[in-house]
Amino acid sequence: MSRRLFAGAAAALALPGGRVLARPGFDRDPFALGVASGESTPDGFVIWTRVLADPASTAPLHGDAYRLVYDIAEDPEFRRVVRSAEILALPQDAHSVHVEVRGLRPGRDYWYRFALPPDHRGPAGRARTAPAPDQAVDRFDLVFASCQHYETGFYGAWRDAIRTTPGRRPPDAVLFLGDYIYESSIRGEKVRQHGAGKPRTLDEYRRRYALYKSDADLRAAHAAAPWFPVWDDHEVENDYAGDVSQERMDPARFRAIRAAAYRAWWEHMPVRPSMRPRGPDAAIHRRVRFGDLLEIAFLDGRQYRSPQPCPRPGRSGSNNVGADCVERLSPELTMLGRAQEEWLHAGFRAASTRWNLIANQTLVAPVDLMPGPAELRRTDIWDGYPAARGRLLDAVVSSRLANPVVLSGDLHTNIVADLRGGASGAGAVVATEFVGTSISSPGPYRGELAEAALRAENPHVRFATARHRGHVELSIGRDRLSADLRMVEDVRDPATAARTLASFTVESGKPGATPA
């Protein structure tokens with residue numbers, strides 16, 4: 001018995017009545033939630049699955065453990081298996097497993113699969129190790145996306161993201177920037193139903209994740225490439241900040257809800273076992289390096305942030321405010337928390353790759369939503385925390401960070417913007433920001449005139465439209481970064497076609513995007 005399996009068996013047998021089932025009986029596929037990989041390193045990655053035959057089931061979790069076998073191969077046909085081992089799927093983890101695979105070769109594809117002996121074998125997935133830190137890398141392709149409300153649309157954007165056509169290879173990585181599930185339902189017509197109210201307990205959050213993972217296009221996207229996920233607000237509650245809920249519930253009660261939500265997120269993501277939450281606390285900010293070409297810093301803009309300034313009466317969370325909201329100018333307000341800020345800035349100073357991406361939940365660029373001399377700012381984005389934004393961009397400049405590019409989600413809107421330095425944000429261009437629209441969640445669409453007015457009021461915004469659903473594809477080379485904003489034709493059609501809405505490039509050493 002391997003050390004990992006022995007430890008898992010000990011944990012299972014420590015449960016009251018706990019057993020390891022040698023021949024569990026399933027009358028359907030126990031891998032209905034699929035497989036996933038992520039957290040690539042030069043010698044390995046994490047592979048994930050969860051044993052659950054019926055995503056729609058409301059029955060209590062089975063109290064015993066399942067013995068799984070996993071294989072790692074150098075080819076998709078599994079003729080060259082390089083690793084095979086056992087692991088236990090434990091009931092306290094909702095029968096999910098997070099296997100950290102080590103000892104592989106850098107910068108290459110591998111394939112993996114799980115089996116539940118003697119009768120069930122799960123689907124195969126593609127994983128990829130990262131290049132060695134000093135390895136010269138000429139190209140890296142990634143997809144980033146966010147916001148996939150189950151009720152408001154199908155996931156044709158995921159099918160498009162992993163398409164393989166002549167000259168296009170699968171992405172090297174998928175970055176998911178938050179709102180994997182939605183805790184809330186919508187009013188009006190729906191393409192499919194949550195079938196339950198707002199989750200508040202661990203069991204309810206587990207069921208919501210299982211429902212979302214029942215989508216075949218989402219499962220296929222997980223199996224196609226390594227994922228690097230972070231959360232935003234809807235994994236817990238809309239617009240929450242730290243332990244302050246939008247509804248201003250008792251902080252102790254909200255921390256219990258946050259603990260359940262964070263735990264369910266970890267159970268369903270291909271992330272490290274060490275990222276397991278401790279109650280309402282979980283560290284998800286991290287860096288990933290891909291050879292000498294690229295480093296990505298993944299941020300957590302929810303857990304440590306200050307409450308949004310100038311909330312609506314009787315509420316917390318976002319508000320649209322004018323110049324009279326002087327509270328938002330306070331240098332004490334933080335989006336990331338002081339410790340995460342210091343970690344991020346230290347990483348800037350130590351950076352040595354040619355490109356440096358900052359994977360962030362929501363819009364960094366300042367945006368005035370009111371045409372004319374008056375101003376209107378939204379407080380749930382970085383406009384609610386301008387001093388924190390200033391510290392971020394000052395750190396980019398002072399560290400001389402090479403080719404910084406910010407990737408953001410949340411707004412259900414495609415935006416391409418210049419990020420300018422200086423206290424007023426009117427200085428030189430220091431970085432580029434790409435905001436991806438949503439996979440399926442509806443956008444704040446007000447028509448072409450509104451979009452034109454937004455661009456006119458904010459000349460640093462090069463492109464903006466909220467009319468489309470989709471994702472963003474980046475191809476990063478040594479001399480330039482290319483971005484394709486992909487859109488689906490009809491999010492309500494499960495077989496929808498897709499196309500490129502717009503393309504931009506960023507030249508190495510020249511911050512700012514230009515149309516391709």
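Not counting residues up to four places away in sequence, Tyr205 touches Ile181, Pro199, Arg200, Glu235, Val236, Ile257, Ala260, Ala261 and Ala264, where a contact means heavy atoms within 4.5 Å. This comes from a predicted model, in which local features need pLDDT of at least 70, side-chain atom pairs count only at pLDDT 80 or more, and totals for chains, interfaces and linings use all residues. Residues are numbered from 1 along each chain as its sequence is written, and side-chain values use heavy atoms, with hydrogens and water left out.

Tyr205 itself sits in helix α3, residues 202-213. Helices (H or I, at least four residues) and strands (E, at least two) are DSSP runs, numbered from the N terminus. With a relative accessibility of 0%, Tyr205 counts as buried; that word stands for under 20% relative accessible area, with exposed for over 50% and partly exposed for anything in between (1.4 Å probe, protein chains only). Glu183 is 22 residues away from Tyr205 along the chain, and the C-alpha atoms of the two are separated by 8.2 Å. Cys147 is another buried residue, its relative accessible area being 0%.

Of the 516 residues, 59% count as buried. Taken along the principal axes, the C-alpha atoms fill a box of roughly 70 × 55 × 45 Å. Among contacts with a separation of 6 or more, 71% come from residues 24 or more positions apart.

As for the surface, the accessible area of the protein chain is about 19900 Å², and 52% of that belongs to carbon and sulfur atoms. Such areas come from the Shrake-Rupley method with a 1.4 Å probe, and for residues only the protein chains shown count as cover. The chain carries 68 positive and 64 negative charges, and their mean positions are 2 Å apart. Lys and Arg count as positive and Asp and Glu as negative, while His and the chain ends are not counted; each charge is placed at NZ of Lys, CZ of Arg, CG of Asp or CD of Glu.

The structure has 1 disulfide, meaning a pair of cysteine sulfur atoms within 2.5 Å. Cys310 and Cys325 form it, with their sulfur atoms 2.0 Å apart. The torsion about their S-S bond is about 100 degrees, so the disulfide is right-handed. Cys310 lies in the loop between β14 (294-298) and β15 (320-321), and Cys325 in the loop between β15 and α6 (338-350), so the pair ties together parts that are 15 residues apart in sequence. Cys325 has a relative accessibility of 4% and therefore counts as buried.

A few backbone details are also worth a look. Most residues other than glycine have a negative phi, and most peptide bonds are trans. Pro117 and Pro118, however, are joined by a cis peptide bond with omega about 5 degrees, and Pro118 lies in the loop between β7 (109-116) and β8 (120-121). Glu39, in strand β2 (residues 35-41), has a positive phi near 55 degrees and is buried at 2% relative accessible area. Asn403, not a glycine either, has a positive phi of about 45 degrees. The loop between α7 (386-398) and β18 (404-408) holds Asn403, which counts as buried at 13% relative accessibility.
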